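Here is a short note for a colleague new to this model. Please keep the structure open while reading the points below.

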Amino acid sequence: MIQKILIANRGEIALRIIRACRELGIKTLAVYSEADVQSLHVQLADEAICIGGPKSSDSYLRADRIISAAEIADVDAIHPGYGFLSENAKFAEQCESCNIKFIGPKSKSIRIMGDKAVAKETVRKAGVSTVPGSDGPIDNEAEAVKVARKIGYPVIIKAVAGGGGRGMRIAHNDVSFAKEFHVARNEAEKAFGNGAVYIEKYIEKPRHIEFQILADSHGKVLHLGERDCSVQRRHQKLIEESPSPFLTSDLRKKMGKAAIKAAEAAEYQNAGTIEFLVDAKGNFYFIEMNTRIQVEHPVTEEVTGIDLIKQQIHVANGEKLGFDQGDIKFEKHAIECRINAEDPARNFAPSPGTISLYYAPGGHGVRVDSHVYSGYTIPPYYDSMIGKLICYGSTRKVALQRSYRALSEYLIRGIKTTIPLHKAIMSDPVFIDGKATTAYMEDFMSRTPTDLF
Ligand code: ADP
């Protein structure tokens with residue numbers, strides 16, 4: 001049984017994992033970089049070990065140092081959170097070979113789903129629809145143009161190793177294709193150390209709808225409903241909600257079944273997410289699987305009442321899931337707003353610095369997951385998310401009103417944040433009507449005066 005967990009992450013997710021461990025009576029070890037001494041996860045863990053300099057490549061990405069820390073502190077398991085080493089099959093393998101449980105899927109599943117082209121092929125063979133595109137990666141330009149023409153413009157060129165909304169380029173004709181193909185390959189090589197790209201039909205104005213999966217090591221695979229993550233900027237999510245205002249119960253059932261099939265095709269265990277694009281007619285296409293806990297997992301937790309981090313630990317312990325598909329009830333509506341240290345009025349420029357005053361909202365149906373506090377200095381080395389506001393209630397209308405109310409109470413002084421942007425979105429008729437597609441943010445920004453933020 002797991003008695004002590006090393007948390008190979010920082011920020012709000014490290015804190016979230018500490019909280020779950022505390023409630024389960026499990027001891028925690030935080031690892032941190034020199035830039036994170038002040039961070040709450042370091043202060044709240046039972047033990048903490050500094051693993052290196054501020055840059056991720058000197059600390060949170062150093063598998064060797066993390067495993068050494070795990071051995072020194074004699075932990076039974078490592079929770080990787082999201083980002084950093086969470087989808088690194090080699091790291092999962094290293095943990096496995098050091099007899100430390102990796103709280104996530106087996107390295108084999110990470111490998112299958114970590115290469116987007118292999119992932120698509122795997123789920124397609126299992127009968128799940130995928131976006132029409134090239135058969136695997138393409139490196140020859142002449143051949144790539146032929147494929148793009150056959151698929152029909154516009155097309156999207158995507159890095160097989162892509163993630164975090166990076167490594168994607170859209171082409172509308174042969175001329176732009178030739179240029180974007182090279183840019184995409186170079187960018188992918190720089191960002192992921194792997195220049196391989198593949199081509200897909202660019203679906204215009206789709207919705208991004210993903211299904212939360214939980215699978216144990218005894219063959220049970222369940223889904224915990226969907227999250228609509230269509231509000232994105234540069235392919236990065238800003239707002240997530242569940243249930244999706246677009247799905248009918250019929251389509252939800254079909255997509256849930258397809259999501260389970262896709263997870264089974266990778267022999268998946270633990271928590272994961274199957275992502276789909278859905279067009280206006282309700283056709284849905286698998287785009288990728290995230291083989292880890294996601295930023296937006298609290299939305300599902302508040303709708304279903306299931307603690308996903310605790311379930312991840314139970315599964316890693318070899319326990320059976322204690323419920324079946326029919327036991328999962330979707331009784332609430334939840335909306336998450338990502339609070340980023342960015343200035344929406346200045347093209348979302350990063351806004352690191354010291355938070356002079358921090359006051360988080362509370363009250364009925366409000367959850368804030370954040371690691372910051374008054375006097376905290378946001379280091380410039382990591383991503384800009386400093387918190388998540390999750391508001392929930394019996395209906396979408398209540399969740400919307402509550403989100404607006406909570407955002408109005410949320411005070412963060414000393415830096416710029418996305419709070420005023422979220423307030424404007426929560427009062428925007430298009431969003432309120434549930435009409436947002438992935439094209440929403442661009443349209444919203446073009447018709448909204450930035451002095452509102
Ligand atoms: P990442 O792993 O970087 O998050 P995804 O494959 O999950 O990349 O795609 C992120 C977002 O990019 C999607 O939510 C969607 O908005 C957009 N996108 C990806 N593929 C397509 C496509 N074929 N057509 C239209 N939009 C796409």
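**Notes on salt bridges and the ligand site**

1. Arg-111 and Glu-93 form a salt bridge through their side chains, at 2.8 Å from N to O. Arg-111 belongs to helix α5 (residues 107–114) and Glu-93 to helix α4 (residues 89–97), so the pair ties together parts that are 18 residues apart in sequence. Note that this is a predicted model.

2. Arg-111 is partly exposed, at a relative accessible area of 43%. Glu-93 is partly exposed too, with 33% relative accessibility.

3. Next, look at Asp-428 and Arg-447. They form a salt bridge whose closest N and O atoms are 3.0 Å apart. Asp-428 sits in the loop between α13 (419–426) and α14 (429–432), while Arg-447 is in helix α15 (residues 440–447), so this pair ties together parts that are 19 residues apart in sequence. Asp-428 has 5% relative accessibility, and therefore counts as buried, the cut-off being under 20%. Arg-447 is partly exposed, with a relative accessible area of 37%.

4. Arg-447 also forms a salt bridge with Asp-443, where the closest N and O atoms are 2.9 Å apart. Asp-443 and Arg-447 are four residues apart in helix α15, so about one helical turn separates them. Asp-443 is partly exposed, with a relative accessible area of 36%.

5. How many salt bridges does the whole structure hold? A search finds 35. Salt bridges also link Glu-210, Arg-227, Lys-237, Glu-240, Glu-275, Glu-296 and Arg-338 in a network. Side chains of opposite charge can pair when their charged atoms come close.

6. Now the ligand. There are 22 residues around it, and Gly-165, His-208, Gln-232, Glu-275 and Glu-288 come nearest. The shell residues divide into seven nonpolar, eight polar and seven charged.

7. Check the polar atoms around the ligand. A ligand oxygen is 2.6 Å from a polar backbone atom of Gly-165. Alone, the ligand exposes 550 Å², and the protein buries 95% of that.

8. Which elements give two or more residues to the shell? They are β6 (155–163), β7 (166–171), β8 (197–201), β12 (270–278) and β13 (284–290). β6 gives the most, with four residues. Domain 2 (132–201) and domain 3 (207–452) both contribute to the shell, so the ligand lies between them.

Definitions and conventions: Residues are numbered from 1 along each chain as its sequence is written. This is a predicted model: local features need pLDDT of at least 70, side-chain atom pairs count only at pLDDT 80 or more; totals for chains, interfaces and linings use all residues. Side-chain values use heavy atoms; hydrogens and water are left out. A residue is near a molecule or strand if one of its heavy atoms lies within 4 Å of it. A polar contact is a pair of N or O atoms within 3.5 Å; within protein, one must be able to donate a hydrogen and the other to accept it, and residues adjacent in sequence count only if both atoms are side-chain atoms. Accessible areas come from the Shrake-Rupley method with a 1.4 Å probe; for residues, only the protein chains shown count as cover. Ala, Val, Leu, Ile, Met, Phe, Trp, Tyr, Cys and Pro count as nonpolar, Asp, Glu, Lys and Arg as charged, and the others, Gly among them, as polar. Domain bounds come from an automatic or database domain assignment. A salt bridge is a side-chain nitrogen of Lys or Arg within 4 Å of a carboxyl oxygen of Asp or Glu. Buried means under 20% relative accessible area, exposed over 50%, partly exposed in between (1.4 Å probe, protein chains only).
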